[in-house]
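Thanks for coming. I have one structure to go through today, so please bring it up on your screens.

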Amino acid sequence: MRFNWILLLTVSIPLPAFSQDVKVREEAVILLEHADRASSTPDLPNLERVDTFRVFAGEPAVREGSFSRVVIQGTGRRDESSFGSYHVVNFWSRKGVAISGAPTLRPPELVTLMQIAPIQRLQFNGEDVIRSVVSRSVDGHAARCIEFDTVAGQKTEQNEVCVDSASGVFLSQKLGDELVEYGEFFPFSGGLMPGKISYSFAGVLKMEVTQTMTVLGGDAKNVLSAPPDAKMHNICTTYRRPFGISMSQPKPGNGGSDTDVIVRGVVGEDGKLYNPLVQSSERPDLNEEALSVVSRWTFAPAMCDGKAEAHEVALTVQFQGR
């Protein structure tokens with residue numbers, strides 16, 4: 001059994017379903033394809049990835065955390081996440097998954113880290129309208145920047161993705177209120193990976209990440225040994241994700257604009273949502289209402305080999321005319 005570590009997290013960005021400049025669209029697609037290849041490592045070695053990060057929000061004003069991943073090809077994987085009081089280690093092997101630490105809901109900061117690191121991968125789909133591809137400087141690098149709108153219902157977001165003109169790697173990704181910036185690239189197994197990552201929301205810096213990757217020798221298999229307190233979970237032969245049964249949205253307002261609040265929680269074996277928390281929000285004043293709304297939702301639970309089990313979910317609460 002070979003464990004392929006996916007270096008790039010896929011994020012879908014919508015290609016236009018209506019008329020636009022074909023040459024501009026073709027160039028934009030080619031730029032993203034080249035950026036994907038520039039940071040791809042098709043033949044991964046045994047490796048260790050370490051992300052240390054600082055969060056600039058809440059109390060105290062600056063908090064630190066870390067994430068590490070060790071992969072031994074053909075044997076297994078070990079992930080360790082630490083932030084505040086949260087500390088969990090997961091071990092994957094042929095036997096299943098062993099978890100050490102309290103399996104509580106991951107903090108929003110760790111979820112954000114996993115979305116932007118090691119690097120986000122992008123593609124267009126039918127909700128995107130590509131306006132132009134322009135040349136400009138990004139943090140001292142000559143870059144080609146794709147300017148496009150994402151149209152979802154009555155909501156339109158102005159976005160921009162910039163890639164390095166020489167190496168082809170992603171330099172920045174502005175998607176809605178989120179801005180991810182990559183820098184200090186280093187070579188790894190045939191690709192270029194960012195040593196520094198910054199994440200901002202609505203113009204405010206929220207997180208800075210330092211990232212390293214190291215090739216491990218063949219004698220590193222013992223790093224995957226689970227500690228005595230780890231609890232083993234079998235890998236499902238057949239699996240069904242939870243799905244909503246009753247998910248009423250908030251009552252629409254009489255004006256204002258449309259906005260979404262993303263909430264995460266755990267759908268229990270009984271189909272109820274537990275421990276909801278806000279992952280991201282364009283309107284913090286609507287957060288409490290969003291949590292109240294999802295607390296009334298009901299679900300069909302996840303099923304593992306025909307048995308109900310708890311499963312973490314991300315939910316979108318849509319406020320219209322608010």
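Start with E16 and strand E21, residues 302–304, which pair in the antiparallel sense over two bridges. This is a predicted model, by the way. Across that pairing, Tyr239 stands opposite Cys304 in E21. The two strands belong to an open sheet of three, in the order E16-E21-E22, with antiparallel pairing. Its edge strands are E16, at 239–240, and E22, at 307–309, each of which pairs on one side only. As a reminder, strands of a sheet pair through backbone hydrogen bonds, either parallel or antiparallel.

Now to another part of the chain, around E12. Strand E11, residues 170–175, pairs with E12 in the antiparallel sense over four bridges. Leu175 has Glu178 in E12 as its bridge partner. E11 and E12 form a hairpin with two residues between them, and Gly176 in that turn has a positive phi of about 65°.

On to the next pairing. How many bridges join E12 to E13? There are 10, and E12 and E13 run antiparallel. Val180 has Tyr199 in E13 as its bridge partner. E12 and E13 also form a hairpin with two residues between them; in this turn Ser189 has a positive phi of about 50°.

That brings me to the second largest pocket, which holds about 270 Å³ of space. Which strands supply at least two residues each of its lining? They are E2 (47–56), E12 (178–188), E13 (191–201) and E14 (204–215). E12 gives the largest share of the lining, four residues. In total 16 residues line the second largest pocket, and those nearest its centre are Glu181, Gly183, Lys196, Ile197 and Ser198. By type, the lining divides into six nonpolar, four polar and six charged residues.

Last, the chain as a whole. Its secondary structure comes to three helices and 23 strands. The radius of gyration is 21 Å, close to the 20 Å that the globule rule gives for 322 residues, so the chain is as compact as a globular protein of that length. The C-alpha trace spans about 60 × 50 × 40 Å along its principal axes. Buried residues make up 44% of the 322 residues, where buried means under 20% relative accessible area. The chain exposes about 16500 Å², and carbon and sulfur atoms supply 52% of that.

That is what I have; questions, please.

Terms used: Residues numbered from 1 in each chain as written. Predicted model: local features only at pLDDT ≥ 70, side-chain atom pairs only at ≥ 80, totals over all residues. Heavy atoms only, no water. 1 Å grid on protein atoms, 1.4 Å probe; cavity = no way out; pocket = protein on both sides within 12 Å on 5 of 7 lines; lining within 4 Å. Points joined across faces, edges and corners; volume = space filled by probe spheres on them. Nonpolar A, V, L, I, M, F, W, Y, C, P; charged D, E, K, R; others polar. Pairing = 2+ DSSP bridges. Rg over C-alpha atoms; globule rule 2.2 N^0.38 Å. Buried < 20%, exposed > 50% of the residue type's maximum accessible area, 1.4 Å probe, protein only. Areas by Shrake-Rupley, 256 points an atom, 1.4 Å probe, with all protein chains shown as cover.
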